[in-house]
Amino acid sequence: MKSLLDFFSNLVSPAEAANDSHHSSAELRQAIRELSALNDRELSDMGLARSEIEYAVRHGRKGIDDDQRHVA
């Protein structure tokens with residue numbers, strides 16, 4: 001789970017997340033697998049719906065403004 005938290009903490013903006021060369025496709029797939037393994041309550045606590053997992057991993061979460069992304 002630590003790698004998943006590290007991954008999300010490194011996402012600064014949707015544009016940077018989409019073009020981030022620091023994360024390989026294997027890392028993206030791993031993050032998607034880890035999030036998919038969580039139950040709906042855990043995803044909800046993170047502000048995610050199951051249908052948003054892949055988008056969130058690849059582009060960041062919708063509704064989080066840039067100021068909050070820099071703090072995370």
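In which helix does Glu 34 lie? Glu 34 lies in helix 3. Before we go on, a word on the model: it is predicted, so local features need pLDDT of at least 70 and side-chain atom pairs count only at pLDDT 80 or more, while totals for chains, interfaces and linings use all residues. Residues are numbered from 1 along each chain as its sequence is written, and side-chain values use heavy atoms, with hydrogens and water left out.

**Exercise 1: The overall plan**

Task: List the elements of the protein from the N terminus on.

Solution. 
- Step 1. Learn the term: helices (H or I, at least four residues) and strands (E, at least two) are DSSP runs, numbered from the N terminus.
- Step 2. Count them: there are six helices and zero strands in the protein.
- Step 3. Write the order: α-α-α-α-α-α.

**Exercise 2: Helix 3**

Solution. 
- Step 1. Sort by accessibility: buried means under 20% relative accessible area, exposed over 50%, and partly exposed in between (1.4 Å probe, protein chains only). In helix 3, Leu 28, Ala 31, Ile 32, Glu 34 and Leu 35 are buried.

**Exercise 3: The nonpolar core**

Task: Name the residues of the largest nonpolar core and say which helix gives the largest share.

Solution. 
- Step 1. A nonpolar core is a set of buried Ala, Val, Leu, Ile, Met, Phe, Trp, Tyr and Cys residues joined through side-chain atoms within 4.5 Å.
- Step 2. The largest one has ten residues: Leu 28, Ala 31, Ile 32, Leu 35, Leu 38, Leu 43, Leu 48, Ile 53, Ala 56 and Val 57.
- Step 3. Helix 3 and helix 5 (53-59) are the elements that give two or more residues to this core. Helix 3 supplies the largest share, four residues.
- Step 4. Look at one member: Ala 56 is found in helix 5 and is buried, with a relative accessible area of 1%. From Ala 56 to Ile 32 the C-alpha distance is 9.0 Å, although the two are 24 residues apart in sequence.

**Exercise 4: Salt bridges**

Task: Find the salt bridges in the whole structure and place each pair.

Solution. 
- Step 1. A salt bridge is a side-chain nitrogen of Lys or Arg within 4 Å of a carboxyl oxygen of Asp or Glu. The search finds three.
- Step 2. Arg 50 and Asp 40 pair at 2.9 Å, N to O. Arg 50 is in the loop between helix 4 (40-45) and helix 5 and Asp 40 is in helix 4, so this pair ties together parts that are ten residues apart in sequence. Arg 50 is partly exposed, at 38% relative accessible area.
- Step 3. Asp 45 and Arg 41 pair at 3.4 Å, N to O. Both lie in helix 4, four residues apart, about one turn of the helix, and both are exposed.
- Step 4. Arg 58 and Glu 54 pair at 3.0 Å, N to O. They are four residues apart in helix 5, so about one helical turn separates them. Arg 58 is partly exposed at 29%, and Glu 54 is partly exposed at 45%.

**Exercise 5: A loop residue**

Task: Where is Asn 39 found?

Solution. 
- Step 1. Asn 39 is found in the loop between helix 3 and helix 4.
- Step 2. With 40% relative accessibility, Asn 39 counts as partly exposed.
- Step 3. Asn 39 and Arg 50 are eleven residues apart along the chain, and their C-alpha atoms are separated by 8.8 Å.
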